[in-house]
Amino acid sequence: SVAPRLVMVDPGVWIVENVATEPAFRRRGLVAKLLDDALERGRRAGWKSAQISVLIGNVAARTAYEKAGFASVEERCDDEFESIVGAPGFERMTQSL
């Protein structure tokens, strides 16, 4: 299975699993609001850092995550994953809370 080679999770980190909007609602600041809410929930729960992953090549998502304060810390690629999904792998991004 490809997934175990690409999964990247540090213990003690608030994981933002998914953030998305329907195409008709893009470019309205909704992703920023969703991220703000998710990160605030992590802070209130006592987490000290947060993580989100993005498919390598998803420039729009990466840009949104950077605007929310995330920074890239790692990329993992896998040829089998790319043949199935069409992206070479995942980029892990983190930020302090």
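The largest nonpolar core of this predicted model has twelve residues: Val16, Val19, Leu35, Ala38, Leu39, Ala50, Ile52, Val54, Ala61, Tyr65, Phe70 and Met93. A nonpolar core is a set of buried Ala, Val, Leu, Ile, Met, Phe, Trp, Tyr and Cys residues joined through side-chain atoms within 4.5 Å. At least two residues of this core come from each of helix 2 (30–44), strand 2 (49–55) and helix 3 (59–67). Helices (H or I, at least four residues) and strands (E, at least two) are DSSP runs, numbered from the N terminus.

Residues are numbered from 1 along each chain as its sequence is written.

Leu35, a core member, sits in helix 2. Leu35 counts as buried because its relative accessibility is 0%; buried means under 20% relative accessible area, exposed over 50%, and partly exposed in between (1.4 Å probe, protein chains only). Beyond its neighbours within four places in sequence, Leu35 is in contact (heavy atoms within 4.5 Å) with Val16, Val19, Ile52, Ala64, Tyr65, Ala68 and Phe70.

Val54 also belongs to the core. Residues up to four places away in sequence aside, Val54 touches Ala61, Arg62, Tyr65, Gly89, Phe90, Glu91 and Met93.

Asp78 is found in the loop between strand 3 (71–77) and helix 4 (79–85). With a relative accessible area of 13%, Asp78 is buried. A polar atom of the Asp78 side chain lies 2.9 Å from the backbone nitrogen of Phe81.

Notes: Predicted model: local features only at pLDDT ≥ 70, side-chain atom pairs only at ≥ 80, totals over all residues. Heavy atoms only, no water. Polar contact = N/O pair within 3.5 Å; in protein donor to acceptor, adjacent residues only side chain to side chain.
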